[in-house]
Amino acid sequence: MAETERPCVLIISGNDPSGGAGMAADIQTVSALGGHPAPVLTSLTVQDTANAYRVSPVDPGLVTEQAATVLADLPVRAVKIGLLATAEIGSAVASLLGDHSNLPVVLDPVLVAAGGADLAEQALEAVIVEQLLPLATLVTPNALELVRLAGSQAADRESRARVLLSSGCDWVLAKGADEDTVGVENVLYGKSGFVESFRWTRLPGHYHGSGCTLAAALATMIAKSVPIPRAAADAQRYTDFALRNAFRPGRGQNIPGRMAGAGHRLG
Ligand code: PLP
């Protein structure tokens, strides 16, 4: 494939120095699926494969300056938003993307690390609902994030998804890996409600960066103009593949094998 055929994906997310989640996960995923990643960092974190210990946000003006500079140069086809960390960064990103309303946006509303530590300040939740959901094509909350963003009024997954849709996003892919169920069920909702349920085998062990992998895969598929329901199926298939090829480089969780098979020709 010529490099010019690689659709550019603007990634707005944080760094995880263990390489399991965050920007490293996003770059690997977009690259593995044939896109060109344009990485804009929102934050540095201190973490290992077990948990996160500290988040240091980047100056909000520097986040938007990075993104605006790239948007003025590269033919960006989709945006993937991961960890924003603070309300101020969330607002700055919303304001910039408001000027690019034709761009598809995949929003992974990251609030908590796989190990349980908070990664974002609470005030970011209102900014996500009020300023970012109206710009989002697709949002990918896990069960905990869906409850926190939809509020306590909504009683079940579908009504929570409808609350998010009423805030302005076009699609919700509600993830179920963090629920206490035998298998994993992810459900896609569109403007008129339920669209499709996807069931996956719950693989043994704990994984770091699976949500990042899924959202980055979705953004890459959308950058390739794949329609959303098919993009959702393809991105989940890739994530399942990466989880089946996971490895455990440290003492904590497994890391998805997002580049599995890459470089095999070099022996
Ligand atoms: N983004 C960053 C920078 C992170 O450090 C993490 C988790 O540690 C996440 C996103 C979310 O990770 P996951 O894909 O495991 O939900």
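This is a short tour of a predicted model, going from one selection to the next.

Residues are numbered from 1 along each chain as its sequence is written. Because the model is predicted, local features need pLDDT of at least 70 and side-chain atom pairs count only at pLDDT 80 or more, while totals for chains, interfaces and linings use all residues, and side-chain values use heavy atoms, with hydrogens and water left out.

Begin by selecting S43, which lies in strand β2 (residues 36–47), where strands are DSSP runs of E with at least two residues and helices are runs of H or I with at least four, numbered from the N terminus. S43 has a relative accessible area of 0% and is therefore buried (buried is under 20%, exposed over 50%, partly exposed in between, with a 1.4 Å probe and protein chains only).

Next, show what surrounds S43: apart from neighbours within four places in sequence, its contacts (heavy atoms within 4.5 Å) are S13, G14, N15, V55, S56, P57, V58, L83 and A85.

The phi of A85 is near 75°, a positive value in a residue other than glycine. Most residues other than glycine have a negative phi.

Then move to S225, in the loop between α7 (210–223) and α8 (228–244), where phi is again positive, at about 65°; S225 is exposed, with 64% relative accessibility.

Finish at E88, in helix α3 (residues 87–98), which counts as exposed at 58% relative accessibility.
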